Amino acid sequence: MSPPVATATRDRLRIAIQKSGRLAEPARALLAACGLSWRESRDKLFCYGESLPVDLLLVRDDDIPGLIADGVCDFGVVGRNELDEQDAARRSAGLPSAYREWLPLGFGRCRLMLAVPEAWQWEGAAQLQGRRIATSYPAIVAGWLRDRGIDAGVVELSGSVEIAPRLGTADLICDLVSSGATLAANQLKPVETLLESEAVLAGPVRGFDDARAGLAALLLRRMQGVLKLKDSKLLMFRAHRDTVAELSRLLPDAEPFVQLPGEGDGPLPLQTMCHGALTWQRLEELERAGAQGLMVLSVERSLA
Ligand code: ATP
Ligand code: ZN
């Protein structure tokens, strides 16, 4: 009998990403920024990695946790909501966890929230006793209710959850919310957050013991580098020694200042990597505190 795919030795990494939808473009952009490039197959479901032995599988986001669990893919870019739901479902079926979150990716942010008809006066979870909740996340909702000792019905719907109360198939809903506009359009209001979600890099519970280990480490390091630099800028300026303490107080989101080589006893040439937004307003404030010749530079890549 051939060994199960999950334990088969492989020397290429395979990453599942959403084929189309909210996470598709940001996932590709992140992987491209990590230096990966691909040759696309004719069916556009499999992309063969060219710059590194890292291939892509383009699938529905719902399939990603299962593909990792079955060892068909090593990693996946998927919403925490989807990962946690399928993990909760596995556990309530008595199965062990088959994947875990390796790295939060900072895009696809949303919340899994309970939303009730606008006319309801929300008084807390106890109010849900005996009610029916429509959701695409039955395992998460069931776990949340169980933790609070509430007996409520969970109506599983795969889409258009927000119209369930109007149709009379449920009293309230639990769904993903980003702006809240869909809820408002359906006369619903959000009342409780069950999960703060974003896209994550999901991977096996344990690491790899073949050539994929090195590739996984390389990919992770590059991803961390890209994510760290996303909102980072290099800030260069000159300042007299007695203003440095105040300037670093104004830059709590920056690394310790580095003094560049310079001559004479004029202002010191300094630089720092700043991880927050450097608005005009902040620059003007720094200038008032003594920074001269302020310059903000974009950083392409860094292994720092
Ligand atoms: P697929 O065809 O791949 O199954 P889908 O319709 O399930 O697509 P999308 O609507 O593209 O998926 O959402 C993918 C993920 O984007 C969600 O699982 C969630 O993590 C994230 N997301 C961010 N904001 C929202 C939002 N407002 N509504 C739904 N999902 C959101
Ligand atoms: Zn989906």
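Predicted model: local features only at pLDDT ≥ 70, side-chain atom pairs only at ≥ 80, totals over all residues.
Colleague: Which residues are closest to ligand 1?
Modeller: R22, R60, D62, N81 and S178 are the closest. In total, 15 residues surround the ligand.

Colleague: How does that shell divide into nonpolar, polar and charged?
Modeller: Three are nonpolar, seven are polar and five are charged.

Colleague: What lies 2.8 Å from an oxygen atom of ligand 1?
Modeller: A polar side-chain atom of R60 does. D61 also has a side-chain N or O atom 2.9 Å from an oxygen atom of the ligand.

Colleague: And which side chain has an N or O atom 2.6 Å from a nitrogen atom of ligand 1?
Modeller: That is S178.

Colleague: How much of ligand 1 does the protein bury?
Modeller: The protein buries 76% of the 640 Å² that ligand 1 exposes when taken alone.

Colleague: Which pocket is the space taken by ligand 1?
Modeller: The largest pocket.

Colleague: Switching to domains. How is the chain divided?
Modeller: Domain 1 covers 13-108 + 199-229, domain 2 covers 110-197, and domain 3 covers 233-298.

Colleague: Where does ligand 1 lie relative to domain 1 and domain 2, and why?
Modeller: Both domains give residues to the shell around ligand 1, so the ligand lies between them.

Colleague: How far apart are domain 2 and domain 3?
Modeller: Their C-alpha centres lie 48 Å apart.

Note on methods:
Residues numbered from 1 in each chain as written. Chains lettered and ligands numbered in written order. Heavy atoms only, no water. Near = heavy atom within 4 Å. Polar contact = N/O pair within 3.5 Å; in protein donor to acceptor, adjacent residues only side chain to side chain. Areas by Shrake-Rupley, 256 points an atom, 1.4 Å probe, with all protein chains shown as cover. 1 Å grid on protein atoms, 1.4 Å probe; cavity = no way out; pocket = protein on both sides within 12 Å on 5 of 7 lines; lining within 4 Å. Sits in = over half its atoms within 2 Å of the grid points. Nonpolar A, V, L, I, M, F, W, Y, C, P; charged D, E, K, R; others polar. Domains from an automatic or database assignment.
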